Amino acid sequence: MLASVITTNLFALYAFTAAPSPSFSSAPSTVPHPGAGVGGGHRNLSVISEHVALIVREIEASERRLHQIEREIAGYETLDPAKPSLPPELRLFLARHRLPLGRDARSGITEMVASVAHSCSRSPAADLLARYMSYKPAALCPADDPSLPQKLIAKACEPLPRRRCLSRPTAPAATAAPRLPFPQSLWSPGVKNPGAGMYGLDKQMWITPGGKNDFSIDDVLALGSGGIRIGFDIGGGAGNFAARMAERKVTVVTSTLEIGGKPMNEFVAARGLFPLLLSPTQRFPFYDSVFDLVHTLNALDEGGAPALGQASRTEALEFLMFDIDRVLRAGGLLWLDNYLCTDDEKKRIVTKLIERFGYKKLKWVVGEKADARNTAKTQVYLSAVLQKPTRG
């Protein structure tokens with residue numbers, strides 16, 4: 001595309017500056033004709049006009065092709081419901097549906113459109129989506145790949161379409177451990193305590209600090225002056241943070257993904273907690289200013305969409321921080337818990353971004369810990385409790 005633009009501009013420069021060719025003159029060069037100058041000028045202008053028109057057409061064609069490439073990259077118009085290659089259920093889901101009561105007087109719309117993320121139309125997400133929507137309606141959902149939704153979310157294909165198939169249990173009813181009553185279920189999800197070690201149950205976190213970067217839950221709750229009732233734990237894994245908060249009468253929603261094929265959401269639910277299958281790259285499905293506390297261990301990097309190669313982008317971190325700020329009420333607390341700064345530059349970027357929001361620093365600790373993979377190397381961690389200001 002760049003070469004085409006450069007070539008057309010050089011062509012234009014040549015057309016305007018080149019001398020007239022002898023073939024365009026009807027009179028010998030040694031014998032001037034009274035009308036030769038006028039006729040030759042008209043012919044020269046005609047040639048230049050043709051060149052300019054050709055350049056304009058090439059530029060317009062290049063612009064159209066560039067717009068088409070941008071649309072294909074973004075996913076626009078590539079997931080066409082009329083495509084015969086799409087599964088019938090996906091075509092039906094994407095089809096426009098007329099409003100049952102006709103035109104809406106307020107918005108003026110007459111049809112509703114169910115959409116999916118633009119990334120769903122790009123390979124390999126498009127192929128995975130076709131598999132996800134290939135099933136027999138009203139029958140059992142396919143069991144060939146239970147982690148398929150997780151793979152689609154990792155490819156930024158979220159939100160996923162609804163399906164008209166019956167879900168399968170993740171474990172046979174005969175082998176499933178019975179649910180224990182709350183609050184016993186917090187630390188013993190079942191009689192057999194399935195996967196206690198595999199899922200990462202930890203009874204010591206936020207109770208006995210292991211270093212200056214580790215804050216206790218009771219200390220942080222004291223900073224909220226008794227006003228912490230509902231919170232959001234981004235990327236909360238097995239739900240240990242939510243379990244500790246539940247013991248203190250604080251309701252915490254935990255967003256978690258199916259890590260390594262483990263049914264994390266089912267495990268969190270078995271503990272009597274609220275799991276939410278949600279990637280940090282997506283807008284949080286909550287109304288503005290609803291949470292008293294937002295807690296995160298490592299979601300600042302996960303919010304950069306590693307599957308799309310954007311983990312190091314400052315803009316991706318900004319989008320996540322602005323969404324955290326949106327769902328946190330004025331006076332609420334943002335708890336950055338042992339955020340790993342890969343280097344001083346990353347720490348500077350995060351610090352500068354936080355300061356832009358004008359949060360009050362109730363706690364702010366930067367410390368070093370030994371690298372688990374290399375004992376001779378240390379890593380920089382940032383822990384902070386920040387209070388959202390009242391604006392407007």
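1. Start at the end of helix α7. Just after α7, Lys249 takes a positive phi of about 65°. The model is predicted: local features need pLDDT of at least 70, side-chain atom pairs count only at pLDDT 80 or more, and totals for chains, interfaces and linings use all residues. Residues are numbered from 1 along each chain as its sequence is written, and side-chain values use heavy atoms, with hydrogens and water left out.

2. Helix α7 itself spans residues 240-247, and seven of its eight residues are buried, so the helix is largely enclosed by the rest of the structure. Buried means under 20% relative accessible area, exposed over 50%, and partly exposed in between (1.4 Å probe, protein chains only). The buried residues of α7 are Asn240, Phe241, Ala242, Ala243, Arg244, Met245 and Ala246. They pack against α6 (217-223), β3 (230-234), β4 (251-255), β6 (291-296) and β7 (328-341). Contact here means heavy atoms within 4.5 Å.

3. Overall content. The protein has 11 helices and nine strands. These are DSSP runs numbered from the N terminus: helices are H or I with at least four residues, strands E with at least two. Of the 392 residues, 35% count as buried. Among contacts between residues at least 6 apart in sequence, 64% join residues at least 24 apart. The accessible surface comes to about 22,800 Å², and 58% of that belongs to carbon and sulfur atoms. Areas come from the Shrake-Rupley method with a 1.4 Å probe; for residues, only the protein chains shown count as cover.

4. Nonpolar cores. A core is a set of buried Ala, Val, Leu, Ile, Met, Phe, Trp, Tyr and Cys residues joined through side-chain atoms within 4.5 Å. The largest has 29 residues; Phe232, Phe284, Phe286, Val294, Met321, Ile324 and Leu334 touch the most other members. Elements giving two or more residues to this core are β3, β6, α10, β7, α11 and β9. A second, separate core holds 22 residues, including Ala243, Val252, Leu293 and Leu333. Val294 is worth a look: leaving aside residues up to four places away in sequence, Val294 touches Phe232, Ile234, Ile324, Val327, Leu328, Leu333, Leu334 and Trp335.

5. Asp337 sits in strand β7 and has a relative accessible area of 3%. Its side chain makes polar contacts with the side chains of His295 (2.9 Å) and Asn338 (2.9 Å). A polar contact is a pair of N or O atoms within 3.5 Å; within protein, one must be able to donate a hydrogen and the other to accept it, and residues adjacent in sequence count only if both atoms are side-chain atoms. Beyond four places in sequence, Asp337 touches Trp206, His295, Thr296, Leu297, Leu382 and Ser383.

6. Ser255 is another buried polar residue. Ser255 is found in strand β4, at 2% relative accessible area. Its side chain reaches the backbone nitrogen of Gly235 at 2.9 Å. Not counting residues up to four places away in sequence, Ser255 touches Phe232, Asp233, Ile234, Gly235, Gly236, Gly237, Leu276 and Leu278.

7. Salt bridges. The count is 14, taking a side-chain nitrogen of Lys or Arg within 4 Å of a carboxyl oxygen of Asp or Glu. Asp325 and Arg391 meet at 2.9 Å, N to O. This pair links distant parts of the chain: Asp325 is in helix α10 (residues 314-327), Arg391 in the segment after β9 (378-387), 66 residues apart. Asp325 is buried at 8% relative accessibility, whereas Arg391 is partly exposed at 44%.

8. Glu345 and Arg348 form a salt bridge at 2.6 Å, N to O. Both lie in helix α11 (residues 344-356), three residues apart, about one turn of the helix. Glu345 is partly exposed at 40%, and so is Arg348 at 42%.

9. Salt bridges that share partners join Asp218, Arg244, Glu247 and Arg248 into one network. Within this group, Glu247 pairs with Arg248, the closest N and O atoms being 3.5 Å apart. Glu247 is partly exposed, with a relative accessible area of 35%. Arg248 is also partly exposed, at 24%.
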